[in-house]
Amino acid sequence: MHLAEKAGLWTAERQAAAREAERRIQAGELTIVRLSFADQHGILRGKTLVAGEIAAAMKNGVGFTTTMLLKDTSHRTVFPVWTPGGGFGMKELEGAADVMMLPDPGTFRVLPWAPHTGWMLCDILYADGRPMPLSTRHILRQSLAALAEQGFDLVTGLEVEFHLFKLEKTHLATDDGGPSGEPPAVSLLNQGYQYLTELRHDEMDPILEILRGNIADLVLPLRSIEVEFGPSQVEFTFRTAPGLESADTMMLFRSAVKQVAQRHGYHATFMCRPKLPNVMSSGWHLHQSLKDRKTHANAFVNANEPLSATGMHYMAGLLDHARAAAAFSTPTLNGYKRYRPFSLAPDRAVWGRDNRGVMVRVLGGPGDPATHLENRVGEPAANPYLYMASQIVSGLDGLKRKLDPGPSADTPYETKAPALPRSLGEALEALRGDQVLRDGFGDFFVDYYLKLKQAEIDRFNSEVSDWEQREYFSLF
């Protein structure tokens, strides 16, 4: 019995997808296929196989070291894997042991910027077929299953801001070979602050059209391309899709943008607020609704009100757990620089009708089949599987307890409401004590995540900042 059978995944549908992937590999004369998985930070990692090995890999998987799941954002392994229990009471982590990545043939693509290359997203499993509990794609699948038990499916749309610069110089001297190397030198593609002007878009059109063409060839559901408010800032939006499919889209989109940009002499970054003069923060607004599994109707629609009772309870859950869920929607230290009043970004857990200062915006109206919520809390660097799972877990609690979100906030930066965390450390502390998110993600995963992100904070706190140097070097 091969790995896909052990995992209970070798369904007729998956077998058909595997045959189609094999056919396309052979018909396209591909030489290699990249097998990628989403790590804990939402970064694609994996291995490249020659095309002739893929048929076996789709059944048997490919091994990789568990340390790939134990690294912080500097690629340093946080857990002492050589100790008994792998530093986390888990025998499977000892000695940097292997786990398996099993390609999902339904995600097969040919990479248009590297047309000799196929690509597949992988699930992470143990060799006996059990899902690896640190797999973030598995976490989202579990959350979607819990939502389905309550009679709903998650539908999401992506609205993603990021920065796109001209690459002036990479730092690749031998001294730059450390884990966190010197970032590249860049210049702007436009001066910014002329929001949605056609001239600014045309300045960026050469690279935007290259990106659009590659995204279209990947068959990702791109909807619009906009020049944002800040210099060299753009926004791409995507049509709605089921939760897992939408998260997979985000993974491939970010990776594709960075790879294509780099090949053409540009630098794309999904960092929330780069340390460059005059730049604006970037957000990831997650549009979401629930589909009733029996009627297939939008469960947020009400004939007489802007939002149904189901939608109100779900939204109340998002607000109630916003401080703890921020650890997943805004997982970097940098992302908390965005939560500022009067900035088109939220600073507290409030909702409103078509108001861009709130955390959750209600869009649509009575009887509108497109009625949905827009959560404006996230940063574009978030792991999409964890971000979406946090929404499901929070929203489900609102449904189960029939929570009330309170009145709409017409003055979102003055309304009394819980403040969003001002730092990653504050968000982690809120997550530590949130029993609903602990139950939804599992104590094991939450404790692992807390340790992983705390290591990032500890490294940051040990560094002497530019501010400290300016403030104290001459004064004392």
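The chain folds into 13 helices and 15 strands, where helices (H or I, at least four residues) and strands (E, at least two) are DSSP runs numbered from the N terminus. Its radius of gyration, taken over C-alpha atoms, is 22 Å, close to the 23 Å that the globule rule gives for 476 residues, so the chain is as compact as a globular protein of that length. That rule is 2.2 Å times the number of residues to the power 0.38. Keep in mind that this is a predicted model, in which local features need pLDDT of at least 70, side-chain atom pairs count only at pLDDT 80 or more, and totals for chains, interfaces and linings use all residues. Residues are numbered from 1 along each chain as its sequence is written, and side-chain values use heavy atoms, leaving out hydrogens and water.

Let's look inside. Of the 476 residues, 53% count as buried, meaning under 20% relative accessible area, with exposed over 50% and partly exposed in between (1.4 Å probe, protein chains only).

Now find helix α10, residues 424-432, where L424, A427, L428, A430 and L431 are buried. They cover an arc of only 160° around the axis, which puts them on the same side of α10; the arc is that of the directions from the helix axis to the C-beta atoms. The buried residues of α10 pack against α8 (322-329), α11 (435-441) and α12 (443-462), with contact meaning heavy atoms within 4.5 Å.

Finally, visit the loop between β9 (222-227) and β10 (233-242), the place of F229. At 34% relative accessibility, F229 counts as partly exposed.
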